[in-house]
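Subject: Handover of a structure model, with notes

Dear colleague,

Please find below the structure that I am handing over to you.

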Amino acid sequence: MKAKVRKLITFVEETRTEMGQAIDPPTRRAAAAAVIENPFAGRYIEDLTELTEIGEELGALLTERAIAALGIAGPAAESYGKAAAVGENGELEHAAALLHPKLGTPVRKVLGKGAALIPSSKKRGGLGVPLDIPLGHKDAAFVRSHFDGMEIRVSDAPRANEILVAIAVTDSGRPLPRVGGLRKDQIKGEDGLR
Amino acid sequence: MSKVEVRKRVTIVEEIFHEGGPVAAKPLRRAAALAVIRNPFAGKYVEEIAGFMDDLKPLGLEMAKSLVAALGGQAKTIEGYGKGAIVGSAGELEHAALWHVPGGYAMREILGDAKAIVASTKKVGAPGTRLDVPVTHINASYVRSHFDSLEVGINDAPRADELLLALVMTTGPRVHARVGGLRASEIKGEDGLR
């Protein structure tokens, strides 16, 4: 493995009631995160290839861990998202190198499909910084019931020379969706949007 | 609905490979099971609350079992444990104390004859409050290598009328433990202390 991984973390959330309404089956979402060494910490490096390649291997590893934590097969996933927090000795572009060029293809391979853009967020921050991972339907970005976000944090990461990178996967949308818009049963699934 | 109304369950698993030193042959794993429930005593002073401890027992067992499952399914691999609770702002600290018996005894039951007292902490707090759950060896509280803690929290809990309950288990010593003291191999296992 190219990435120097200090730690892997998984989070699973299951919502059973909301405002007194039973959620049955419960909505469930998982995030898998890695704390890795930032190979470019502390200096300006023009070529970020090493991080894009690390992104590719973490795309597969973290997606597999997230669906394993949910106990589902890849195609049963409904929405996804990704995010990274760069420690203080790194630059925001390091998060971009991890997340954007190559991470998505293995995510989609594990999930079977994934026509939609994988929503993302990035930031620089200190240990314990919260990461709000945006979520959207994996096959049609306009499915309104699945616009969501999942907050995670790891109390001892990222250290100055580290990057925290996370992939979130759900088997459902928000607990009580009722603001209209495109529904998942209306997805055409051709352009990743509708 | 049962007397215990669960809004949400969260599971967090950490797998730690190193912390700047040699990579562990067997990574340390730590997990937390969290439950967000309605606080039946919120908003008023209720003298008789102890009966709720019995109501919480099934939830304690469910959470303890889910922790063993999250750490690989083998109770014999669990070496450390701890528990904690956060009371929403309309409750009182004493409500957190309701978790000692159902939380602690559930873990001891699942882990066989765990002898040591279950380390614990509690506070009153707002949604997103973090709790450092203390961890000690399951059979001998003085085992220095297993003194640890896991920071937990949920961004949207506990609401004012809720309780956030936590159980934590770990599979071994701190990843680079080297400050001496009683070792796990020296446990007598008679009094839960040494």
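Predicted model: local features only at pLDDT ≥ 70, side-chain atom pairs only at ≥ 80, totals over all residues.

**Chain B as a whole**

Chain B contains 3 helices and 7 strands. Following the sequence, these elements occur in the order β-β-α-β-α-α-β-β-β-β. The C-alpha trace of chain B extends over about 50 × 35 × 25 Å along its principal axes. A compact globule of 194 residues would have a radius of gyration near 16 Å, and the 17 Å of chain B agrees with this.

**The contact between the chains**

Chain B contributes 17 residues to the contact, and chain A contributes 16 residues. On the side of chain B that touches chain A, the largest share is that of strand β1 (residues 6-16) of chain B, with 11 residues. Sorted by class, this side of chain B consists of 6 nonpolar, 3 polar and 8 charged residues.

The two β1 strands also pair with each other across the contact. Strand β1 (residues 5-18) of chain A runs antiparallel to β1(B), and 9 bridges join the two. Within this pairing, A:L8 lies opposite B:E15 of β1(B).

**Strands of chain A**

β1(A) is also paired within its own chain. Its partner there is strand β2 (residues 21-37) of chain A, in the antiparallel sense and over 12 bridges. One of the residue pairs is A:K7 with A:V35, the latter being the bridge partner in β2(A). Together β1(A) and β2(A) make a hairpin with 2 residues between the strands. A:M19 lies in the loop between β1 and β2 of chain A. Its phi is near 50°, which is a positive value in a residue other than glycine.

β2(A) has a further partner in strand β7 (residues 162-170) of chain A; these strands run antiparallel and are joined by 9 bridges. Here A:R29 stands opposite A:T170 of β7(A).

As a general point for inspecting these strands, side chains in a regular strand alternate between the two faces of the sheet.

**Cis peptide bonds**

In chain A, the bond from A:D24 to A:P25 is cis, with omega near 0°. A:P25 belongs to strand β2 of chain A. In chain B, the bond from B:A157 to B:P158 is cis, again with omega near 0°. B:P158 is situated in the loop between β6 (148-152) and β7 (162-170) of chain B.

**Helix packing in chain A**

How do the helices of chain A pack? Helix α1 (residues 49-70) of chain A and helix α2 (residues 92-99) of chain A have axes that come within 6 Å and cross at roughly 45°. These two helices, α1(A) and α2(A), are therefore oblique to each other. Their crossing is right-handed. On the α1(A) side, A:L51, A:T52, A:I54 and A:G55 meet A:H94, A:A97, A:L98 and A:L99 of α2(A). The contact of α1(A) with α2(A) comprises 5 nonpolar and 3 polar residues, with no charged residues.

α1(A) also packs against helix α3 (residues 104-111) of chain A, at an angle of about 30° and with the axes 7 Å apart. The crossing of α1(A) and α3(A) is right-handed. A:E56, A:G59, A:A60, A:T63, A:E64 and A:I67 of α1(A) meet a set of α3(A) residues that includes A:P106, A:V107 and A:L111. By class, the residues of this contact between α1(A) and α3(A) are 6 nonpolar, 4 polar and 2 charged.

**Helix packing in chain B**

In chain B, the axes of helix α1 (residues 52-70) of chain B and helix α3 (residues 100-110) of chain B come within 8 Å, crossing at roughly 45°. α1(B) and α3(B) are therefore oblique to each other, and their crossing is right-handed. The residues that α1(B) brings to this contact include B:M53, B:L56, B:L61 and B:V68, while those of α3(B) include B:V101, B:P102, B:M107 and B:I110. The contact of α1(B) with α3(B) is made up of 11 nonpolar, 2 polar and 2 charged residues.

With kind regards

Technical notes
Residues numbered from 1 in each chain as written. Chains lettered and ligands numbered in written order. Axes fitted to C-alpha atoms, helices over the stretch in contact; angles between N-to-C directions. Helix = DSSP H or I, 4+ residues; strand = E, 2+ residues; numbered from the N terminus. Parallel < 35°, antiparallel > 145°, perpendicular 65-115°, else oblique. Left-handed = near helix turned anticlockwise from the far one by under 90°. Contact = placed C-beta atoms within 7 Å. Nonpolar A, V, L, I, M, F, W, Y, C, P; charged D, E, K, R; others polar. Pairing = 2+ DSSP bridges. Rg over C-alpha atoms; globule rule 2.2 N^0.38 Å.
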